[in-house]
Amino acid sequence: MKILLVEDDPAQLNPLQQALIKANHRVDAVADGLTAQTLMGDRPYDLLVLDWMLPQVSGLELCQGYRRLGKTAPVLLLTAKDTAGDKVMGLDAGADDYLVKPVNLSEFLARVRALGRRSPLWLGDRLTLSNLTLDLNTLVLEGPQGSVQLSGREFQLMEYLLRHPQQVLTRDQIEQALWAWDMAPESKAVAILVHRLRQRLQAVGADGWLQTIYGMGYRLSSPAQEPQPNV
């Protein structure tokens, strides 16, 4: 999943970010509410993790603003506020779950998995398109002629494509989905990654599934699902 993590305490932010990355999530990590506010308006996320007590704009205000934008991704609030009234206030602001600090990493990741299952993009631990399957736990891609282990970045691109099958995805969309907001990929990074993934697809008998739509971007589709010309 693509996750926005907002926490102003580096001693909290860094371990949470590393735990999410280790669990194969793509993370935009920021330390202030204003930056988070901009990212929430510009970029799509599958899950938001918001600290309540942030400088400038609080996590509660971020959550309320996110819902006013009509966005529906799950929101997990992190806070030292632990009274029943605080929890009610957080949930009424639009949060889907509430975790009291200090955060236990195992419980945190379990809450993230549970909220991920509420996402409309959640399809279980395996993503499938026709006879092509990606295991989200092992990073193994299976096709009609075998299986192959993907690298971390190859897996991220394959996951993103499988969550948007048949859609033409621009280079900018792929960069936003795979790279953190404060990291600019090299100009040919997406093209090189697509080339590597095509080699993996060819190895499992899915050659030609990842197409270049010239002037627009890339599309993943199985040959059986491609539009047929009229006769």
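**Entry 1: a hairpin to start with**

The model I am reading is predicted. I started at strand β10 (residues 210-213) and strand β11 (residues 217-220), which run antiparallel and are joined by 4 bridges. I picked out Q211 and found R219 of β11 standing opposite. The two strands, β10 and β11, form a hairpin with 3 residues between them. In that turn I noted G215, which has a positive phi of about 80 degrees.

**Entry 2: the parallel sheet**

Next I wanted the strand order of the sheet with parallel pairing. I read it as β2-β1-β3-β4-β5, an open sheet of 5 strands. Which strands sit at the edges? They are β2 (26-30) and β5, each of which pairs on one side only.

I then took one pair from it. Strand β3 (residues 47-51) pairs with strand β4 (residues 75-79) in the parallel sense, over 4 bridges. For L48, I found V75 as the bridge partner in β4.

I looked for a helix on this sheet too. Helix α1 lies across β1, β2 and β4, and I noted that α1 runs at about 170 degrees to β2.

I ran through the salt bridges, and the whole structure has 14 of them. The one I wrote down joins E7 and K101, with the closest N and O atoms 2.8 Å apart. Why does this pair tie together parts that are 94 residues apart in sequence? Because E7 lies in the loop between β1 (2-6) and α1 (10-22), while K101 lies in the loop between β5 (97-100) and α5 (105-116).

K101 came up again when I went through the peptide bonds. The bond from K101 to P102 is cis, with omega near 0 degrees. P102 has its place in the loop between β5 and α5. I jotted down the background: most peptide bonds are trans.

**Entry 3: the antiparallel sheet**

Then I turned to the sheet of 4 strands. It is open, its order is β6-β7-β8-β9, and the pairing is antiparallel. Its edge strands are β6 (126-129) and β9 (146-149), each pairing on one side only.

I went along it pair by pair. Between β6 and β7 there is a loop that holds S130. Phi of S130 is near 55 degrees, a positive value in a residue other than glycine.

How many bridges join β7 to β8? I found 2, and these strands run antiparallel. T133 has E142 as its bridge partner in β8. β7 and β8 form a hairpin with 4 residues between them, and L139 in the turn has a positive phi of about 65 degrees.

Strand β8 (residues 140-143) also pairs with β9 in the antiparallel sense, over 4 bridges. Here the bridge partner of V140 in β9 is Q149. This pair is a hairpin as well, with 2 residues between β8 and β9.

My last stop was α6. This helix lies across β6, β7 (132-135) and β8, running at about 125 degrees to β7.

I looked up its helix contacts as well. Helix α6 (residues 152-162) and helix α7 (residues 171-178) have axes that come within 10 Å and cross at roughly 120 degrees. That makes α6 oblique to α7. The crossing of α6 and α7 is right-handed. On the α6 side I listed R153, Q156, L157 and Y160, which meet Q173, I174, A177 and L178 of α7. By class, the contact of α6 with α7 has 5 nonpolar, 2 polar and 1 charged residues.

With helix α8 (residues 189-203), α6 packs at an angle of about 80 degrees, the axes being 10 Å apart. So α6 is roughly perpendicular to α8. From α6 the contact takes R153, E154, L157, M158 and L161, and from α8 it takes L193, V194, R196, L197, R200 and L201. I sorted the residues where α6 meets α8 by class: 7 nonpolar, no polar and 4 charged.

Definitions and conventions. Residues numbered from 1 in each chain as written. Predicted model: local features only at pLDDT ≥ 70, side-chain atom pairs only at ≥ 80, totals over all residues. Heavy atoms only, no water. Axes fitted to C-alpha atoms, helices over the stretch in contact; angles between N-to-C directions. Parallel < 35°, antiparallel > 145°, perpendicular 65-115°, else oblique. Left-handed = near helix turned anticlockwise from the far one by under 90°. Contact = heavy atoms within 4.5 Å. Nonpolar A, V, L, I, M, F, W, Y, C, P; charged D, E, K, R; others polar. Pairing = 2+ DSSP bridges. Salt bridge = Lys/Arg side-chain N within 4 Å of Asp/Glu carboxyl O.
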